[in-house]
Amino acid sequence: MNEQQRSMLLQSASSFPPPKGTKLSYGTAGFRADASILQSTVFRIGILAALRSLKTGGAVIGLMITASHNKVSDNGVKIADPSGGMITQDWEPFADCIANAPDPESLVQLINEFAKKENIPLDGAKTATVLLGRDTRPSGESLVKAAKQGICSVVGAVATDMGIITTPQLHWMVRARNKGLKASELDYFEQLSSSFRCLIDLIPKKSGDNNPIGKLIVDCANGVGGEKLQVLKEKLNGLHLEIRNSGESGILNEGVGADYVQKEKVAPQGFGPADVGIRCASLDGDADRLVYFTVISNGNNKINLVDGDKILSLFALFIKDQLSILSDKNEYQPRVGVVQTAYANGASTKYLNQLGLEVIFTPTGVKYLHGKAEEYDIGIYFEANGHGTILFSEHFLNWLEGRKNEPSSTTKEKQNAVKRLWAVSKLINQAVGDALSGLLLVEAILQHMGWSVDKWNELYHDLPSRQLKVKVADRSAVVTTYAETSVEKPPGIQEAINAITEKYPEGRCFVRPSGTEDVVRVYAEAKTQETADEVAASVAKLVDQFLGFTAS
Ligand code: G16
């Protein structure tokens with residue numbers, strides 16, 4: 001590192017002292033904490049983003065300021081790699097180190113050592129480019145400024161602020177920029193709307209039957225999704241859409257949004273008896289999660305939840321149907337893989353297995369699921385919380401392209417299946433789970449099938465489940481294994497969990513530390529709702545006994 005670089009870093013770092021007495025770590029989806037303590041972390045991650053760009057030969061890197069589903073007073077920062085996916089996990093320890101460096105001198109020393117080890121040129125000969133985005137949190141503006149200062153304290157680095165956008169839009173733009181494709185926000189909307197229209201146009205229409213599945217109402221969590229969905233709505237006339245909780249009044253993620261709806265299994269604010277029988281969906285605060293639901297009549301705000309597992313099942317079924325139209329014994333058979341986590345409802349896994357699909361499990365976090373899904377020709381991944389997408393390999397897309405140009409000897413049905421799969425690959429975000437593109441794909445498939453939300457929900461019946469959060473003294477004391485289905489530490493807790501669950505028919509339960517909130521999560525399934533609640537409550541008590549503030 002030359003003297004100019006060193007003094008630039010030292011000078012700017014002196015304006016961003018780290019918070020005292022707090023140790024931050026790069027969690028499930030980046031750093032998250034109360035926004036008031038994040039200035040220094042975001043500044044330092046700005047530096048990291050610029051280094052990552054230099055390391056990858058000047059490729060565009062994304063930096064998103066968001067705390068997604070967390071409460072409005074929180075914020076966070078995460079990095080998108082040149083592929084548009086999450087930053088390589090190899091860099092997470094460095095992120096932790098620089099976030100916690102106690103003073104500018106030690107920060108610069110860490111950067112210098114890392115740059116040497118990774119052969120990152122810090123002489124200004126190369127340009128680094130970082131795209132910035134933020135969600136609607138009030139703290140976002142000043143955190144973006146901190147990120148820009150971090151980026152610009154690396155010689156030759158340029159920050160481009162994309163303003164308020166959804167997290168998946170930023171990931172999409174990074175991927176598109178690095179592939180030399182059209183990458184503006186307008187291009188994003190154009191790609192989604194044109195591929196959606198293509199799927200709708202391929203549905204054999206019965207006369208006078210324009211959108212047989214009726215209206216959709218979308219809860220936008222009082223976040224960024226409302227404004228963006230409005231843009232899509234204006235571009236699409238095949239979609240009968242009503243937007244609610246778009247943020248004019250109401251607080252981000254408070255009593256609204258995908259996380260609330262999925263965890264509490266109740267209707268979000270602004271929904272009620274008048275909505276019974278209507279298909280409803282919910283996004284989260286930065287529009288990377290999607291769940292569907294219907295309001296139950298006289299149900300005291302209760303809902304029928306159609307979660308990420310059901311979205312996954314619908315997508316898998318559709319893809320499988322299209323592939324079977326194309327299938328030819330002597331031809332290439334694409335490998336389809338389905339990726340879930342321990343939160344996947346047992347009934348969904350059984351259903352997917354029955355479809356003949358290969359189901360793989362990873363720990364929680366898109367960074368794990370995405371990587372696994374990439375190993376397939378078509379990798380479909382979803383978390384039960386509504387975070388997921390479908391990935392298509394280059395190899396598969398090339399094959400599809402070849403089929404597109406096949407002579408007219410192939411049947412119309414086959415030609416249409418090719419066009420449908422091609423349109424899905426354009427519609428569904430290839431960089432990360434995206435509630436807006438996921439929603440359009442769900443709507444297109446339901447219209448294609450002529451299915452109501454109830455018919456879709458009947459694909460299988462969820463095993464009753466319950467999720468709880470437990471506040472503990474130190475959540476990092478919980479260490480899990482086997483894709484988070486078993487606890488290694490503290491010793492003895494897994495045996496105690498087993499002793500509880502084996503008392504209940506079809507009982508299953510696991511605990512894991514959250515990577516986005518300061519809690520330990522408990523998930524339980526059992527034959528009835530009552531027993532699932534019982535298992536969850538007993539295990540939550542156990543977690544408190546082992547790890548709670550009063551535990552010795
Ligand atoms: C993030 C991750 C998801 C994960 C969720 C909850 O979602 O992207 O993969 O499922 O956090 O993680 P945890 O249980 O560790 O708190 P989001 O929507 O908050 O970005």
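Helices and strands here are DSSP runs, with helices (H or I) of at least four residues and strands (E) of at least two, numbered from the N terminus. By that numbering, Asn 301 sits in the loop between strand 9 (290–295) and strand 10 (303–306). The structure is a predicted model. The chain is divided into domain 1 (3–164), domain 2 (181–462) and domain 3 (465–547).

**Domains**
- The centres of domain 1 and domain 2, taken over C-alpha atoms, are separated by 32 Å.
- In the contact between these two domains, domain 1 supplies 16 residues and domain 2 supplies 20 residues.
- The side of domain 1 that touches domain 2 is made up of four nonpolar, nine polar and three charged residues.

**Ligand surroundings**
- There are 18 residues around the ligand, and those that come nearest are Thr 28, Ser 68, Ser 514, Gly 515 and Thr 516.
- By class, the shell around the ligand holds two nonpolar, ten polar and six charged residues.

**Helix 10 with helix 14**
- Helix 10 (residues 308–326) packs with helix 14 (residues 412–427) at an angle of about 140 degrees, and their axes are 9 Å apart.
- Angles from 65 to 115 degrees count as roughly perpendicular and those over 145 as roughly antiparallel, and helix 10 and helix 14 are therefore oblique to each other.
- The crossing in which helix 10 passes helix 14 is left-handed.
- On the side of helix 10, Gln 322, Ile 325 and Leu 326 take part, and they meet Glu 413, Lys 414, Ala 417, Val 418, Arg 420 and Leu 421 in helix 14.
- This contact of helix 10 with helix 14 has five nonpolar, one polar and three charged residues.

**Helix 10 with helix 11**
- Helix 10 also packs with helix 11 (residues 346–354), here at an angle of about 10 degrees and with the axes 10 Å apart.
- Helix 10 is therefore roughly parallel to helix 11, since angles under 35 degrees count as roughly parallel.
- Asp 309, Ser 313 and Ala 316 in helix 10 meet Ser 348, Tyr 351 and Leu 352 in helix 11.
- By class, the contact of helix 10 with helix 11 consists of three nonpolar, two polar and one charged residues.

**Helix 7 with helix 15**
- Helix 7 (residues 185–201) and helix 15 (residues 435–449) have axes 9 Å apart and pack at an angle of about 10 degrees.
- Helix 7 and helix 15 are therefore roughly parallel to each other.
- Helix 7 brings Leu 192, Phe 196, Leu 199 and Ile 200 to the contact, while helix 15 brings Leu 436, Ser 437, Leu 440, Ala 444, Gln 447 and His 448.
- The contact of helix 7 with helix 15 has seven nonpolar and three polar residues, and no charged residues.

**Backbone details**
- Asn 301, in the loop between strand 9 and strand 10, has a positive phi of about 75 degrees although it is not a glycine.
- Lys 489 and Pro 490 are joined by a cis peptide bond, with omega near 0 degrees.
- Pro 490 lies in the loop between strand 17 (486–489) and helix 17 (493–501).

Terms used:
Residues are numbered from 1 along each chain as its sequence is written. This is a predicted model: local features need pLDDT of at least 70, side-chain atom pairs count only at pLDDT 80 or more; totals for chains, interfaces and linings use all residues. A residue is near a molecule or strand if its C-beta atom, placed from the backbone, lies within 6 Å of it. Ala, Val, Leu, Ile, Met, Phe, Trp, Tyr, Cys and Pro count as nonpolar, Asp, Glu, Lys and Arg as charged, and the others, Gly among them, as polar. Domain bounds come from an automatic or database domain assignment. Two residues are in contact if their C-beta atoms, placed from the backbone, lie within 7 Å. Axes are lines fitted to C-alpha atoms, for helices over the stretch in contact, and angles run from 0 to 180 degrees between N-to-C directions. A crossing is left-handed if the near helix is turned anticlockwise from the far one by less than a right angle, and right-handed if clockwise.
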